[in-house]
Amino acid sequence: MGDARQRRKSESWWIVLCLLFLLSVGRQVSAQIRYSVPEEVKEGSVVGNIAKDLGLDVSTLVNRRFRIVSGSKDAPFQVNQNNGILYIQNRIDREELCADNDVCQVNLKIAIENPLEIHYVGIEVTDINDHAPVFPEKEHILKIAENTLTGADFQLLAARDPDSGGNSVRTYKLSHNEHFELEIRDGGEDNKIPILKLQRPLDRERHSKHQLVLTALDGGNPPRSGVMNITITVIDINDNRPVFSKDVYSVTITENLPIGNVILQVNATDADLGLNGDILYSFVSNLKRKVYDTFEIDRKTGEIRVIGVVDYEETEVYRADVTASDSAEPPMATNCRVIIKVTDINDNTPEIEVTSLSNLVPEDSKPGTVISLISVTDKDSGVNGKIVCRLPEGAPFELKPSFQENMYSLVTQGTLDRELVTHYDITITATDLGQPPLSSVKTLSVDVSDVNDNSPEFPQNPLELFLFENNPPGASIFAVSALDKDINGNAVISYHIIRGDGTKGDMASFLNVHSETGAIYALKSFDFETMKTGQFHLLATDSGSPSLSSNVTVNVFILDQNDNVPVILYPVSANGSAEGVEEIPRNVNAGHLVTKVRAYDADIGYNGWLLFSLQEVSEHSLFGLDRYTGQIRTLRSFTETDEAQQKLVILVKDNGNVSLSATATVIVKVVEPKEAFAASDVKNAVKDEEENNVTFYLIITLGSVSVLFLISIIVLIVMQCSKSTDCSSKYLQDANYDGTLCHSIQYRSGDKRYMLVGPRMSIGSTIVPGSNGNTLVIPDRRSRRDSGETPKGALAGTTRCVVPHMLCSI
């Protein structure tokens, strides 16, 4: 009954432990798996199925980059990404892998991504009996005095077996003889020391030498063995052996001691005199190689000094047996144990291992995105091996510690902007807590990749385009360029004209744009006299996904060219030619107004400013022509010798760079005063009717042009006022009465100033309505001065020119 109760209690504890283990595994991101494998197994042998033991989906191992990221140095294991099986990659020799360690364990770190998981696998490599015991010498020679008392013992060289545990040396056997027997003593650390004991007194006269065989057996199944031949030479009388002052000498030193430092002195005494009492010291011959490489003993003084590097990380404790023997024949010897303990100093800098998931991080990565895994180690122990990691201030990254000590994740801390910073060199500093502390740094380069988060931008909005009329159709008239702060495909911009609704001033239907270069082409030739201003909208779209765009408004100003020939309004004959006949009395005085040539030009500004000149005249001394007004006046009185009919050819030309011109012919007939008065009534009636008809058509034509011009000016003012609050100061009239031939009207458009330039305005001059805005009426001052007569409908060939800011800006 008691046994059943005890068994149920044990089962309950096992169930509780299993539940606690499952709960702890569920809360962690990683797990620990342990396997065991014997050494010397065949390459390719399966150790275990990690994916199955972790409960992972085998079909996702390749996509999640299932791999070994770190482990013990030169670990002979590899994992299959397709099925998660851990197998032997290289031959395993436990004695090479874990020399002098009873337990040999290889630790592996397994990483899988999406999501990131770290698992730890511990593999214990178990020993097999693949080594036989080996003695340091094949033959050992002993010299024993014949007067040696029975019961005396002699320490023999111990055999060494690289195998561990039960496969190491377990016992010794001595070949049969009548004088000696074998005793096995425990030397510590599972070390068996063979002792040869004298059972019967020796007699040199009977046997001067004894040949024995010592056999060492290990604990394997079947056991392996090694042998050493012992030769015993019997000599006479040295009956006192050296005696150490201590059986065990112990000393503690710090690592990295300078070579030559004496750390310990052993001391032995011998009661004999002479050579029988002269003691020599030496290390026994079966110590670990590291002892001989690090220390030496003075044969005469027994001082032990440093001859190699003392490194705590390699060996923490050195154990050595020292032999003191006298110089007699045969010598007598005794042994003592020396224990050298090494204390750690902070002489190793931390080591940083970086496992980068990717060195390219999108600029729209969310805070907390994992970039790399950081593992730090320090070979020192205690506080000297404690490590603190840090990043420089200001970088948008942070180190997040893992549940396992000295493991960190490098994650983004804030938002990234490639347009501000394209590359980060992240310096990771690891510092131990020793005194003085040691540090190491490692730099991780991270590039920020671009996403399409910036729209194309035009350097100016709106844009102003000044275009001369009569442009060739199909030619490039303008080029726009937008900038995108993104790079590569996200910054490739295409241009498109936004088609309008066809309202007045919309030029979209007359233009085309090259989608790659932004060059704008006119599909037709523009005429200033038909259209003076226009507008269209241009769209710039990048090639990102999704694409971003922005638009710009382009205001177009058509500039005038001298493409209209002056038109003669008077004189005009019945058949339409510019010819006329004027009759004047012979008795008129100098300064008499004969007639006035009237003309206009559809261009504006200097292109429409007309000048009159006499191209041909019968008598130069009779008539004069005002070059601005076109008035023809007599220069002197007529004489009897003057011809009765005079012919005048007047050239009317504009003021363009390449001036255009027209001619008018006036025939002046000189008549007697009575005939002139008789014909004047009939002529005046016909002339009045003709002038009335001409004036009527002129008023209609010029009025229409003026209305169109005023509407254009008003639209321009409204557009500019919508862009600037300084509408009240856009038009600043400035009538210049300084004797020059031009007047000007200044106005503003945004941050630019423009000037309307025309001929000099006389005091009292007025702009005639219906004159297309380019004809200035200048009163005839000479007529008023001489006869008080103002010619009816006198027109001056003056123009208004719009000068773009590139040419006439103020």
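1. A charge sits over a ring if NZ of Lys or CZ of Arg is within 6 Å of the ring centre and within 35 degrees of the ring normal. Lys-524 meets this: its charged end is over the ring of Phe-510, 4.2 Å from the centre. Lys-532 lies over the face of Phe-528, with 4.7 Å to the ring centre.

2. This is a predicted model, where local features need pLDDT of at least 70 and side-chain atom pairs count only at pLDDT 80 or more, while totals for chains, interfaces and linings use all residues. Residues are numbered from 1 along each chain as its sequence is written, and side-chain values use heavy atoms, without hydrogens and water.

3. Rings of Phe, Tyr and Trp (its six-membered ring) pair if their centres lie within 6.5 Å; planes under 30 degrees apart are stacked, over 60 edge-to-face, the rest tilted. The count is 11 aromatic pairs. Tyr-120 and Phe-403 form an edge-to-face pair, 6.4 Å centre to centre with 80 degrees between the planes. Tyr-120 is in strand β7 (117-126) and Phe-403 in the loop between β28 (397-401) and β29 (407-412), so the pair ties together parts 283 residues apart in sequence. Strands (E, at least two residues) are DSSP runs, numbered from the N terminus.

4. Tyr-120 counts as buried, at 11% relative accessibility. Buried means under 20% relative accessible area (1.4 Å probe, protein chains only).

5. Phe-623 and Phe-638 have ring centres 6.2 Å apart and planes at 65 degrees, so this pair is edge-to-face. Phe-623 is in strand β44 (623-625), and Phe-638 is in the loop between β45 (631-634) and β46 (645-653), 15 residues apart. Both Phe-623 and Phe-638 are buried.

6. One aromatic cluster consists of Phe-244, Tyr-249 and Tyr-281.

Terms used:
Helix = DSSP H or I, 4+ residues; strand = E, 2+ residues; numbered from the N terminus. Buried < 20%, exposed > 50% of the residue type's maximum accessible area, 1.4 Å probe, protein only.
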